[in-house]
Each structure stands twice: as C-alpha cells, then as structure tokens.
Amino acid sequence: MTQIFYLPDENLIETENANTLLTAALEAGIPHTHVCGGNARCSTCRVLILDGEEFCAPRTPEEQVLADQLGFEPCIRLACQTMIARKGKITLRRLSLDADDMAMFFDQASKKSAPSLLGQEKHVAILFADIRGFTTFSEALLPYDVIYVLNRYFQRMAEVINRYGGTINVYMGDGFMALFGLDNPDRAAERAIRAGVAMLSTLEELNPSLEGLYQQRLRIGIGVHYGGTVIGTIGDPKNPKMTAIGDAVNLASRIEAANKPLGTTFLVSEEAYIEAKDHVLVGQSFQVDIPGKSGKYTLYEVNNVTPSTNGKEFGILPSVPEKRHHLSSVKRLMTALGSWLKRLIGK
Ligand code: FES
C-alpha cells in the first residue's frame with residue numbers, strides 16, 4: 001500500500017493500484033489539473049515532492065525533455081509521468097491550484113470543456129501576412145481612410161483564405177495569422193501556399209482603386225510554415241477565440257518577417273515546401289538565421305503555383321470573381337435567348 005499526502009488539501013490517500021501520482025489523485029477525487037490529458041505536453045500537473053522522492057520512479061524520457069526545457073529542480077515532477085516505484089509514503093504539494101484551475105478541473109472531469117478549449121495537438125499550415133510600410137502609408141491618410149483601406153484589404157484577404165479552406169484566427173494591427181488544416185488536414189500546406197499566391201494577385205486587383213483614391217499601393221509580405229501546434233481557445237470563456245500556440249507559430253511569424261531583409265514577398269519553410277513541392281514553383285532559396293533559434297533554416301521564395309481548378313479539387317467555394325463570371329455567363333445566355341425569341345416572333 002502506498003500513502004500519498006496531498007497539500008494544500010491535507011488529504012492522505014492510500015492506493016494499491018494507481019501507477020502514477022496523477023491517477024492516484026484522480027481516483028481519490030482530488031482536483032488535479034492535467035490540461036494535456038497526461039501526455040507530458042503541458043506542465044499543469046506539476047507537483048513539488050516534499051518527502052518520499054525515493055518511492056517515485058525516475059523521470060520518463062518525455063518528462064525529462066519537459067523538465068530540461070522548463071529547468072525543473074529534481075523535486076518538481078509531472079504527476080502524470082511520475083510512476084509510484086514502491087510502497088512508502090510520499091508527501092507532495094500540487095502547484096496548480098487556484099480557483100480557476102479548480103473550475104477547469106471540474107469542467108474537464110465532467111467533460112464540459114471541449115478538448116479544443118483546453119488544447120489539442122495538430123499539424124497545421126500557418127500563414128502570416130503583413131502590410132509593408134503601412135505606418136508610412138497610413139500617415140498620409142485620415143484615420144477614417146485608414147480604417148476603410150484596412151477593412152477592404154482584410155475583407156478581400158479573408159475571402160481568399162476562406163476559399164482555400166483556411167481561417168484567419170488572429171489580427172495584429174495590419175497583419176494577420178491564418179491557419180489551414182484545423183478541420184481538414186488534407187493538403188493543408190499546399191492550400192496555404194495557393195492562398196498566399198492568390199492573395200498577391202487579389203492585392204493587384206485592389207491596388208488600382210487605392211492608387212486612384214490615395215495615390216498609394218499596398219505591398220505585403222507572406223510567410224508559411226507547416227508544423228505541430230497546440231490548438232486551443234483563449235480569452236474570455238464567454239467569447240473564446242481559437243488560436244494556435246507553439247514553436248511552429250513563432251517560426252511562421254519569423255519567416256514572414258524575413259521577407260524584409262531578403263527583399264522577397266513570399267517565403268515558405270522547408271517543411272511547408274516538402275509538403276507541397278509538386279504544386280509550388282519556387283525561385284531562390286536562402287539559408288538564414290532565425291532570431292531566437294539555433295542553426296540555419298532553409299527558406300524558399302514562392303514564385304507561383306501549378307494551375308489548379310481554383311480550389312475545386314479541395315471542394316472549396318469558387319472565388320467571388322468566378323461567381324460573378326458564372327452570373328455574367330447566365331446573363332449572356334439569357335440575352336442571346338431573348339434575341340433569338342425576338343427573331344422568332346418577328347418571323
Ligand atoms: S497533464 Fe500535461 S504534463 Fe501532465
């Protein structure tokens with residue numbers, strides 16, 4: 001029989017069968033937050049072992065990775081990974097324990113929280129876009145005009161992103177992040193790259209009217225990366241916002257920023273390129289340092305994509321211009337039919 005004394009609950013539990021500290025707590029009904037579901041991917045289940053460390057098994061490789069990353073002392077353990085090695089008494093303190101943690105625990109236990117609310121690991125394509133020199137652009141405009149230009153730009157870009165099955169998840173000033181592959185992982189990187197190319201041509205359609213109104217054009221930089229993220233909802237629980245967190249997101253943002261020093265417009269990571277290489281026409285490649293990361297990263301400049309049926313192969317909605325094209329074809333057909341009827345009646 002193993003005894004575990006939980007602080008701050010001051011609860012002594014005895015367990016025969018539990019194999020980890022987390023399962024022992026859960027079996028005894030002790031609230032113990034475990035956001036990633038016990039997979040060594042968060043650290044919310046961490047405990048401070050005050051006594052009886054010798055009754056716990058050494059760290060699992062997964063726990064070791066996380067402990068190294070977060071600089072844990074030997075006495076800080078992940079409850080979900082800490083196996084009970086042999087019988088004895090362990091005294092520990094749960095470290096994640098405020099009222100909100102408790103509420104989250106009870107929601108999790110009663111399955112009220114959807115997994116996505118707490119976080120779900122997914123491979124997605126992440127697209128970052130940013131307007132180049134927007135501060136200079138906006139300085140020459142009245143604030144209402146700036147709002148007007150941004151709204152037109154965001155509206156057109158959102159149409160493109162949606163057409164390729166992506167979603168804009170975050171707006172940051174004049175930039176945004178869009179995710180591809182949240183619901184449908186099929187060809188996510190290819191769809192993100194196709195969306196990026198379509199964004200550039202849509203911007204070329206928008207620019208003449210901006211030039212007419214403000215004698216200025218918009219230029220953008222785009223970066224795409226494909227990698228593992230944790231998708232979850234953040235913010236006010238009454239109005240939660242879905243977002244992606246993780247190294248892959250930071251990398252995508254840095255790839256977009258690399259356009260400026262490299263003098264390019266659209267860069268993708270090697271991972272994104274490998275995923276979509278049969279459909280992407282690239283130009284130069286660059287070996288770059290990414291701030292905050294070690295080693296060199298290979299980035300590819302995207303020149304174009306192979307012809308597609310405008311997203312129909314992905315089961316994606318036709319673009320607005322294409323819809324307009326269908327409408328004008330119908331109109332032309334009706335006009336021709338009208339003339340033919342007139343000629344028939346005239347005879
Ligand atoms: S529950 Fe996430 S690391 Fe233990």
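Reader: Which residues touch the most other members in the largest nonpolar core?

Author: This is a predicted model, in which local features need pLDDT of at least 70, side-chain atom pairs count only at pLDDT 80 or more, and totals for chains, interfaces and linings use all residues. Residues are numbered from 1 along each chain as its sequence is written. In soluble globular proteins, nonpolar side chains tend to be buried together. A nonpolar core is a set of buried Ala, Val, Leu, Ile, Met, Phe, Trp, Tyr and Cys residues joined through C-beta atoms within 7 Å. A residue is buried if 20 or more other C-beta atoms lie within 10 Å of its own, exposed if 12 or fewer, and partly exposed in between, with C-beta atoms placed from the backbone. Here the largest core has 51 residues, and Ala125, Ile126, Leu127, Ile193 and Val224 touch the most other members. Helix H7 (residues 188-214) contributes the most, nine residues; helices (H or I, at least four residues) and strands (E, at least two) are DSSP runs, numbered from the N terminus.

Reader: Which residues of helix H6 are buried?

Author: They are Val149, Tyr153, Met157, Val160, Ile161 and Arg163. Their cover includes strands S6 (120-131), S7 (166-172) and S8 (175-180), together with H7, where contact requires C-beta atoms, placed from the backbone, within 7 Å. Just after H6, Gly165 has a positive phi of about 75°.

Reader: Why does helix H2 lie largely in the open?

Author: Of the ten residues of H2 (residues 61-70), the number buried is one, so H2 lies largely in the open.

Key. Two residues are in contact if their C-beta atoms, placed from the backbone, lie within 7 Å.
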